[in-house]
Each structure stands twice: as structure tokens, then as C-alpha cells.
Protein chains: 2
Amino acid sequence: MPFDREIAAMTRLRGLMQQDGLDAVLIGPSASFREMMGRDANMTERLVALLVTATGAELIVPRLQAPLYEEHPVNLLIWDEAEDATARLADRLAELDIAQLGVNDEFWAGFLLRLAHHAPTLDIRPATSLERLRAVKTAEEIAGLQAAADAIDRVWARFLSENRVLTGQTELALRAALTQLMRDEGFETVAWVDVGAGANGASSLHHGSDYVIQRGDPIVFDFAGRYDGWNGDIARVACAGAPEADYLQAYALLLDAQEAAFQAIQAGVPASTPDSVAREILTQAGHGDHFTHRVGHGIGRDVHEQPYLVAGNSLPLVPGMVMSDEPGIYIPGRWGMRVEDIVVLTEEGPRRLTQSPRDLFIAD
Amino acid sequence: MPFDREIAAMTRLRGLMQQDGLDAVLIGPSASFREMMGRDANMTERLVALLVTATGAELIVPRLQAPLYEEHPVNLLIWDEAEDATARLADRLAELDIAQLGVNDEFWAGFLLRLAHHAPTLDIRPATSLERLRAVKTAEEIAGLQAAADAIDRVWARFLSENRVLTGQTELALRAALTQLMRDEGFETVAWVDVGAGANGASSLHHGSDYVIQRGDPIVFDFAGRYDGWNGDIARVACAGAPEADYLQAYALLLDAQEAAFQAIQAGVPASTPDSVAREILTQAGHGDHFTHRVGHGIGRDVHEQPYLVAGNSLPLVPGMVMSDEPGIYIPGRWGMRVEDIVVLTEEGPRRLTQSPRDLFIAD
């Protein structure tokens, strides 16, 4: 049936809304909109938003765009070019007796503040129900993420087999090669392709340059993109010839930290736990200050979403969540390293979706 | 001097903030951020925002991104990976005694609502000061928009000279040709390239298809993109051989309406006036229902911004404003037409930035 998946997602959302005491959730153009509508909406100055209520769904839409949604299982609330769309929406919320309204995080403040102006008693909150819905994937969604992980594994394998010699190449040339392989493998978007050799690998702000790779340079690769609706993301390192001894030692430690964080992805533990587990290992070895970011992030229709694996996040992990596990060690002025896999938490515990070998790859 | 332009923009913004009774304006990743910072920021779950106060400017930024902004003339308010950035910002607003805060329209609701939670007495409003600042261009900014208009004129001229025969081509082929010409002419982004032949031209939702152009088809072309920081946008029609007589008649009427709207772009008139002037002409001729959209929109760092030339917009036009003038006539099932120019309002009245001929182009 058309829109079966979208209708099921709305139904799951309604259950969470009820737990959160929300009468409705308003969803502007975003990955959540795609989840509920099966298509993108343009984020422009013309308000388009899906309103999911306890019993129905309405789409507030400019008249010119209304034909795009005629087939969708939603009631269309069409506004005219010269109308104040937020006033129109406020009236409709009043008719529907909506008192507690959740909105998606990416909803525009300009619309929100004007809506609040027209509906001064409306209680508007972040739609954490939506975040929780998106964080826990169905079997079908996990299959989509597995396909994206398989595709990103294929990109990395092809890259390594086609680039046996790294010494003498520029970061930008390698970046272009990876980008092209992602396109070839069918990625519909490229979120980023970062290549950092030698000291450049120590900065998460470095995306690639005309630096020519020197013999002995370790190189950090991190690339991500959307494949058939679902994101893949991976980080690996490769070296242009044998790296220095302290690099090899640190790399073994990093793999230990990554595996420990992986094992810590268990039902019921707070999302902060895998981060603290990896951080403890790196800190004990004197690399606490060299691990400068959270250990991971959820991934799905967005490349970053809940659960964020970061200190302070008390969200409990539950089966169906999919997230990255990517500790790193960065020594300013010398080198960097990061190993990232995508992990699903199943009823039986954590399982890696990405399967690329984690052994340090030493090319020429 | 580095950042001269950005500092000047902040100074102008402060003047408008004072008129609006705002103590500060908060600007997330957006064209306004580019205007004030001279660079883009990534829109992600990690809060980055510029706070412009009456006397200074601060950037709230995650620690990992802070090095990007070291040279900028702003105070850095750095938050750590495990910190609640909105709580940190709320504390800083309290220290600075900010009571009335404006935010840019595109600011994320998730950040806004969490900030409001941490600062319950803060009065947060849409930063219309920012909208007004952006709506009125400096001489240097008008030069940037002129360069973008010149570039889009070159694209259209090259397209016509390279496509003497339209009959038998698909819309998608023409769309690809225009897109390539935009890249060749140096556009850094392509906002859209819409090609609608015959009845397809009657729908503003039609962007191009594998429809093969038939002899006699009129074709609507509309394309826009960013050139060296400033947007260009144009619409023209061309025909694959002579169109029917009623098309020619309607086209003459459309040119009259476009010219009348152009002449109505005068200092002191409300932004709604050019729309009503064009609409009156088309309505008198029986095409009121066939002109389905506003007559124009402001253009600058964003391809759509104030002043919107639409019924109900009482914003007075002032010299320095730059906007599109683009009436259209759409007959469902038959054909469409739209002619769009970019117009600057000068002290001496309106002046077209785009100069492509408006005569109906009849190809083979």
C-alpha cells in the first residue's frame, strides 16, 4: 500500500506523543518530514509543515505546492499567497483544541515566534517524541542502514585497491577519488569526505588540501553520505609506508577503546556510557586530552541524530538504536587517528553494520 | 582591512536594533551569518551563533570549531562537547543584561525553545532589524548583484545562441545545458533551473521532464544561483516555432504588466503596490485567476528575502532595495509564461539589473 510506512511511523509517533503529554507535533522540512511523508519539502520562506495529532494528520501548505501532496494521507490546510500562514495555523490549532504542541528541532524560529504571537496560550516544546521515534529503528530501517553501511564498505575497499600508492598524492586528489567512488556506488548525497595526512590529521577542521603526502604519513579518512534514504558513515586510517612506533602503539590502544565502547553499547545503559568507557581507556594511557570529541552519534535519515554518545546524555540505549563508535587520538603538530564503525544495538547486544577491516592499512 | 565590510554591517544592524528596541540579535548559520562573519557556518546539532549587542559581538561556538574564528573581530564564547550550549548562552545573556533578543528567521526551534527554557524572562522576537538591514543594499552590494545579473544574462545569451533548434529536444536536456552554462559562467550554487514546455509551463511545480518539445510549444525558463556571494535570477520564454495567436496576445499583455510593476517600484510605496498594479492589468484582461503567485521577491545573499512584493506587505520600498519583477500567466492544460527581471530601486527610480531582451524568442 502506498504510504504504509509513513502511516506506521505516524502511529508510532502518536504513542510517544501520548507519553510526552503532547496534543500534536508540528514538523517542518527535515528528515522527520521525509520519514512521515515519504518525500522532501523545500525549506523556504513559505511555511510547509505537517501536523500530526492524536487522531489525524494535516499539512499546512501554500496553494501553489498543494498539488504535490494530493495523494498523501493527510488533510490539506492550504494557505493563499497573501495570507499569514502562521495566523492560519494558529486558528486551526485552536479549532483542534491543541494546547501542548511539539515542534521538530530544525523548525524555523521565524515561523515559531509568529505562531506563538498568534497563539499566546499555546505551550510549545521541542518534540522529543520525534527524536525518540527516529532514534529507534524498525527492522526495515535497520536493513536500510545495513545497505548504506555495505555501500560505504564497498567504497573503502575499492579506494584501497585503486590507491596502492599514497605517497606523493595530494589530500584533495584522494578526496576527489573517494567522492567519485561514493557517486559510483550510488550515494545520493555526499555529506563529507575528509582526508587529513600527517599533522593535518590532528584537526577535525581539516577537510583536505593540496598537501602532498610524504612517506611515513598516517592519513585519517572520514566520509559519509545518504544511500537510498539512509546514511552511511565510516572513518579509517591508512599510512603511506610504515608509521613511527608511537603511532602503532597508539593505534592498538585506539582499537581497544573502540572495541570497549562497542561492548558498552547495551540495552538500558545511558548514552553517555560508551563515551566514558572509551575515554577512560585513552585517559589511563595519557591520551585524555587528545580525545577531543564525543565517541559517537546516532545515524539514520540524518547523519547525526540521537542517541548522541556523549557525557551528560542520560537517554537509555534500547534495541533498535543505531549509532557510530568513533574514538580518536589527535596529537597537535604530529598526527591524528580515528576509527569509526556504525553499530546497531540488537536484542542480543551490539552488532557492527560496517565491516571494513580495522587493521592499520599500510600502503606505499 | 580584514572584516571591514562585516564590521560595517554590524554597525548598521546596531542602528536598526536600537530603533526596534532590541538589546541584541542572535544569528545562526544563514545568509545573515555570512553577511556578518564573511564565512559560512554549518547548520548542525552543535550550536553556532553570532550575538550582536549594542556595543560588541560574541560568537557561541563548540570548542572544536573555535579555531575557525580566531581571526574574526568577535569575542569567542566556547562551549565544551559535554556542555549544554543553550544554558551557557542563557547565562551569558543574563551577564550582558540582554532583555529583548531578536533571532534570525532560520534559527532552529530546538535551540530557541531550550534557550527560552533556560532564560524564562527573556523576550525573544523575530529579528526584523536583520531583515530590514539585508533588504537595503549598499552600493558595493548592488555592484555584487549587478555582477550576478550580468552573469545570468550571459548564461541566457549563450543558451539561445547554442540552442537555435528547440523542437525535438527534451526539457531535461535544456535544463542540463543551462545548468552547465551556469557552472561555466562561474555560479557557485545553482538554486534551480526550471524548464516547462507547452502545458508543463502552466505549473510552477514543473521543473523539467523527458517531454519532447513539439513545434509550436512555448517554453518557460527560470533559473537562479549564487555568483560571488550574490544571487541572480531570471525568467524568460522561448518558442519552438511560432506560437498560437492567443499566446502572442497574452505575451504582449504580460510585458505591459511587467513594465507597469517595474514603474511602480518607487520610494515610499508599500511592497504590495507593484503586485497590485500588475494584477490589475492582468485581471482587467481576464487573466486574474491565471496569475497565481506574487509579482516578486527581494534578492541578495538569499535568492528570496525581503521585500516580498505581495498583497498585504506594507513594508515601504526604499532606495537600495533589489527585487524581482516577475508576473506570469498560466492556462492549465495549455501553456504558461513568466518574464522576470531583477530591479534595483535607486534615488532616481527603478533600474533593471538584468538586461536580457524581453521580446519573445522564436527558435526552430
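**Exercise 1. In which strand of chain B does Pro307(B) lie?**

Let's work through this predicted model together.

*Step 1.* Find Pro307(B) in chain B: its place is strand S11, which covers residues 305-309.

*Step 2.* From Gln306(B) to Pro307(B) the bond is cis, and its omega is near 0°.

*Step 3.* Turn to chain A. Here, too, the bond from Gln306(A) to Pro307(A) is cis, with omega near 0°, and Pro307(A) belongs to strand S11 (residues 305-309) of chain A.

**Exercise 2. Find out how chain B is related to chain A.**

*Step 1.* Name the symmetry. The two copies are therefore related as by a two-fold rotation axis.

*Step 2.* Check the contact surface. The same surface serves both copies, since 100% of the contact residues of chain B recur in chain A.

**Exercise 3. Decide whether the radius of gyration of chain A agrees with that of a compact globule.**

*Step 1.* Start with the expectation: for 364 residues, a compact globule would have a radius of gyration near 21 Å.

*Step 2.* Compare. Chain A has 23 Å, so the value agrees.

*Step 3.* Along its principal axes, the C-alpha trace of chain A spans about 70 × 40 × 40 Å.

*Step 4.* Look inside the chain. Of the 364 residues in chain A, 57% are buried. Among contacts in chain A with a separation of 6 or more, 66% join residues 24 or more positions apart.

*Step 5.* Count the elements: chain A contains nine helices and 17 strands.

**Exercise 4. Describe the surface and the charges of chain A.**

*Step 1.* The accessible surface of chain A is about 14,100 Å², and carbon and sulfur atoms hold 51% of it.

**Exercise 5. Is Asp228(B) buried or exposed, and where does it lie?**

*Step 1.* Locate the residue. Asp228(B) sits in the loop between strand S8 (218-227) and strand S9 (230-240) of chain B.

*Step 2.* Apply the cut-off: exposed means over 50% relative accessible area. Asp228(B) has 62% relative accessibility, so Asp228(B) counts as exposed.

*Step 3.* Check the backbone. Asp228(B) is not a glycine, yet its phi is positive, near 50°.

Notes: Residues are numbered from 1 along each chain as its sequence is written. Chains are lettered from A and ligands numbered from 1 in the order in which they are written. This is a predicted model: local features need pLDDT of at least 70, side-chain atom pairs count only at pLDDT 80 or more; totals for chains, interfaces and linings use all residues. Side-chain values use heavy atoms; hydrogens and water are left out. Copies are superposed by least squares on the C-alpha atoms of residues with pLDDT of at least 70 in both. Contact means heavy atoms within 4.5 Å. Helices (H or I, at least four residues) and strands (E, at least two) are DSSP runs, numbered from the N terminus. The radius of gyration is taken over C-alpha atoms; the globule rule is 2.2 Å times the number of residues to the power 0.38. Buried means under 20% relative accessible area, exposed over 50%, partly exposed in between (1.4 Å probe, protein chains only). Accessible areas come from the Shrake-Rupley method with a 1.4 Å probe; for residues, only the protein chains shown count as cover. Lys and Arg count as positive and Asp and Glu as negative; His and the chain ends are not counted. The place of a charge is taken as NZ of Lys, CZ of Arg, CG of Asp or CD of Glu.
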